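Here are two exercises on side-chain contacts, each with a worked solution. Have the model open beside you and try each task before reading on.

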Amino acid sequence: MNTDNELRRMLDERGVNWDYGVTGATTTKFRINGVDLTFMPMRDGLVCTTILTPEQVIAVTLGLETCQLTDNGPWGYTYECSECGAAFDVGIFDGKVNFCPNCGRRVEMVVAN
């Protein structure tokens with residue numbers, strides 16, 4: 001199976017709508033996490049023909065999900081991510097955490113235990 005057919009099969013399996021790009025059957029376009037993407041087959045894979053901003057790269061690869069950090073007390077790893085369960089001390093980040101250092105989700109709020 002060639003790479004563009006494999007991409008289309010995988011998009012179908014996940015319920016993602018796709019269409020042919022501007023060059024017809026040689027490109028595949030779809031939208032994920034609010035970002036429009038177009039891929040075309042290359043020799044050993046696919047190349048993204050969409051020009052992405054850094055924010056769009058993060059949205060596509062890590063998603064736009066959020067998490068909460070729970071304060072587990074004054075000893076050891078004091079904060080735990082509600083989504084991935086990673087525990088860490090926010091002191092190493094000067095007390096400012098905008099994104100979980102483990103799963104990359106945006107931290108929505110810090111919840112005191």
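**Exercise 1.** Find how many salt bridges the whole structure holds, taking a side-chain nitrogen of Lys or Arg within 4 Å of a carboxyl oxygen of Asp or Glu.

**Solution.** 
1. Searching the whole structure gives four salt bridges. This is a predicted model, where local features need pLDDT of at least 70, side-chain atom pairs count only at pLDDT 80 or more, and totals for chains, interfaces and linings use all residues. Residues are numbered from 1 along each chain as its sequence is written, and side-chain values use heavy atoms, leaving out hydrogens and water.
2. Start with D4 and R8, whose closest N and O atoms are 3.9 Å apart.
3. Check burial (buried is under 20% relative accessible area, exposed over 50%, partly exposed in between, with a 1.4 Å probe and protein chains only): R8 is buried at 7%, and D4 is buried at 8%.
4. Next, R9 meets E13 in a salt bridge at 2.6 Å, N to O. R9 is partly exposed at 34%, whereas E13 is exposed at 55%.
5. R9 and E13 also join R14 in a network of salt bridges.
6. Finally, R31 pairs with D36 at 2.8 Å between the closest N and O atoms; D36 is partly exposed at 47%.
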